[in-house]
Structure formats: structure tokens, C-alpha cells
Amino acid sequence: AGRRLDAMRAAANAPGAKKGTASLPARDDKKFLFMLPSEWMFGKEDVAEGLKVSAAVEKALGGRLMTAVTDFDDGGPNVASVVATVPFATHSSVAAALRSAGGKVDYHTKKRGTFFKGTGVRGLEGSLGRLTEARVALEALVGEKGHDVFLSSDDETSDDATGSRKSHGGYAEGMLSSTFCWVPRGDNPTSRRIFDAVAAGCIPVVVSDDIARYLPFRWAVDWRAMILQVPEAIFAADPKGVAAAVLALPDAVVDALRARMDAARYKLLWNDRAAPTDPPCEANRGNRGKKTPCSEAPRLYMDEMLFRAATGNAEPDAPLCERREGDDARFLDGSAWNAQGSCPPWLAMRGVCGEKAETKS
């Protein structure tokens, strides 16, 4: 891979080479499909030289490139070749625990509580005004019964965090042992945290209005059926009220959300083996009766990218499937799914949203 990238760099920088045509086949309709970690790798100056793959590929292949990334910045994508998103890789400890359990989550070992461990006040990244609001509001839950919330700032070590993170278990352990996991917006509306939560069987409580545009495989994963989404402004105004409503959800609702996560888990999980050098997961399916699930993410990625290349669909928000009668457009059209100004029924029933909140299903 390194040699190929060097060759593309050399071709792109060769005297007289035209952008997007150097050392490439003559066919103008040929597309090159790539999956890269994040859009920020295309242009960030502080990326290590060995990781500047995205910019080199973009420069070498130009308009023939179609890229899938884990995330892009607010208002993006800003790079023309980005056409889709893919899941973040799951936290290695969460993935290892899932593999050791045969690919299944034991919900009987989980406590009825919420969990968050991470930075509260973030640095100067993303759309800062909205970026920090939900995370700062989480501080109201530190030390509250039923809520394991541990916060630090960007310039603190983990031992200095609010909530005494040093005396508690780690990030992965918290997700694996909790029923609900807070997923506030990060440097942009999405977060790797939502994929870790699904893998750990921890129901994501998403506090990010615009996350839908960033969620991968919306044509194959019924995201709205397995997460709890809270409008950012509502959470910032009453974090304790929202948290109480989360814990008050009926067991039947919790069980339904878990069942939907179970159905989607291996569509979103990449790391179904301990190391890339291990035999493919599928090779172990018939080994001594083992039936460990295997990742479906590579197939879904290829299906989507090949479909986009064949149809010329390069718009991340565009639906890939025709709607059936009764389908909610928000399941398929990312741009139409926004939590801002809405009040989920489970919050409205407890009066959390206030009289002016608009109630939508």
C-alpha cells in the first residue's frame, strides 16, 4: 500500500502531469473507491507525514475518486470525493469482550444506569458554540445516583477529571456494564461513541441534533428505532430531567431497543477478530460448532460504494432506496432528520420539554 501511494504521489507531482489523469487508465468513466479514516485527514496540517494518505489519493485521482469516511466537519463534506460515511472501528476492549462472549451481550449483568466518560469542555474545534453545550451540561449528572458520569477537559489528565475517574473503571468497562450511554456531539455532530455503545449493548442516548447525516448505512440500519435522541437545547436546559426520563423508561421499551441493537450490531462492527493477521471470522463458523457472528460492514460498504459508482449517486444525503408506502423519510434522507425543536414523546410525557416544545413522533 505504501509503494502504491508513493507511486500516486510521484505521478501527481510529475512535471506536466494533469490532476486526476497521471498514470491512470484511459477510461474516463472508471471510478476508484477508497475508505479513509476521516475527512480531516485530507487537509489537516498537523497530521503525521505517513498518514497524509487522503490528500495524496485525492490529488492523484481527482474526479475519479469516490471516498467513504467515518466523519466530516459541520456543513460538510468539504472534500468533493466524499460520498458516504462508514462506522468507526469499535473500541478494542469492547470488541474483545464481545468476541469472548460469542458475539452476544449478556444484558442480565448490566445495571440500570447511564454512563459517560470523556472530555467535557473541548478545545477550539468544530462549531464551538454547539460543540460544548451538551458536554458541559453533563456535569450536572456527576455524582448523581444512577449516573456514572466522569468528565475531564482537554488539558487535564484522566486522574484530574471531575467525578474521580481514577477510582472508577475504564471507558469500555463502563459501557459494557451500563444500560444507557450518553452520546453528546463531539468535534462534529457524530462520535465514535455511538458505535462503541451499540457494540457494548448500551442504548445510545444521543444529544446531537444533526447526527443523522453522519450515520452510515441508513439504507440497511434502522437507526431511529434503536437510539434515544434528545434535542441539544432541551438537554442543556434540563439535564437532570432528561436523565430521570431515561431511567424511567419501561422495561418493555428497553428490551425493544436492545433487540434492535442486537439486529444491527454486526452491520456496524468491523473488528470481529483480534488482529488483521487472524483467519477471517467466516473461517471459524464451522469450527467445533462455534457460531460467532461475523461483521457485515465490509459487504455493506462495498454494496453502497459500488451502487453509488454505478448510478453516479455522489450525494451523502440522497436516499439509496425507493421508499415503500408508510416509510418515514427521515429513516432514509439524512438531511430531513434533525432533532432541533422537536420533543420525543418519552420526554414530553414527563414534561421535560416545557410548554413551548413541539412534540413529534
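**A tour from the disulfides to the sheet**

Begin by selecting Cys343 and Cys353, which form a disulfide with their sulfur atoms 1.9 Å apart; here a disulfide is a pair of cysteine sulfur atoms within 2.5 Å. The torsion about the S-S bond of Cys343 and Cys353 is about 75°, so the disulfide is right-handed. This pair links distant parts of the chain, with Cys343 in strand β9 (residues 342-343) and Cys353 in the loop between α13 (345-348) and β10 (358-359), 10 residues apart. Helices (H or I, at least four residues) and strands (E, at least two) are DSSP runs, numbered from the N terminus. Both Cys343 and Cys353 are buried, where buried means under 20% relative accessible area, exposed over 50%, and partly exposed in between, with a 1.4 Å probe and protein chains only.

Before going on, keep in mind that this is a predicted model, in which local features need pLDDT of at least 70 and side-chain atom pairs count only at pLDDT 80 or more, while totals for chains, interfaces and linings use all residues. Residues are numbered from 1 along each chain as its sequence is written, and side-chain values use heavy atoms, with hydrogens and water left out.

Cys181 lies in strand β6 and Cys202 in the loop between α7 and β7, so the pair ties together parts that are 21 residues apart in sequence. Cys181 and Cys202 are buried as well.

Now display the open sheet of five strands, which has the order β5-β4-β6-β7-β8 with parallel pairing; two strands pair if DSSP finds at least two bridges between them. At the edges stand β5 (147-152) and β8 (228-229), each with a single partner strand, so one side of each is left without a neighbour in the sheet. Strand β7 (residues 203-207) pairs with β8 in the parallel sense over two bridges, and Val206 stands opposite Gln229 in β8.

Finally, select Trp182 and Leu347, which touch the most other members among the 70 residues of the largest nonpolar core. Such a core is a set of buried Ala, Val, Leu, Ile, Met, Phe, Trp, Tyr and Cys residues joined through side-chain atoms within 4.5 Å. A second, separate core of five residues includes Val69, Phe72, Val79 and Tyr214.
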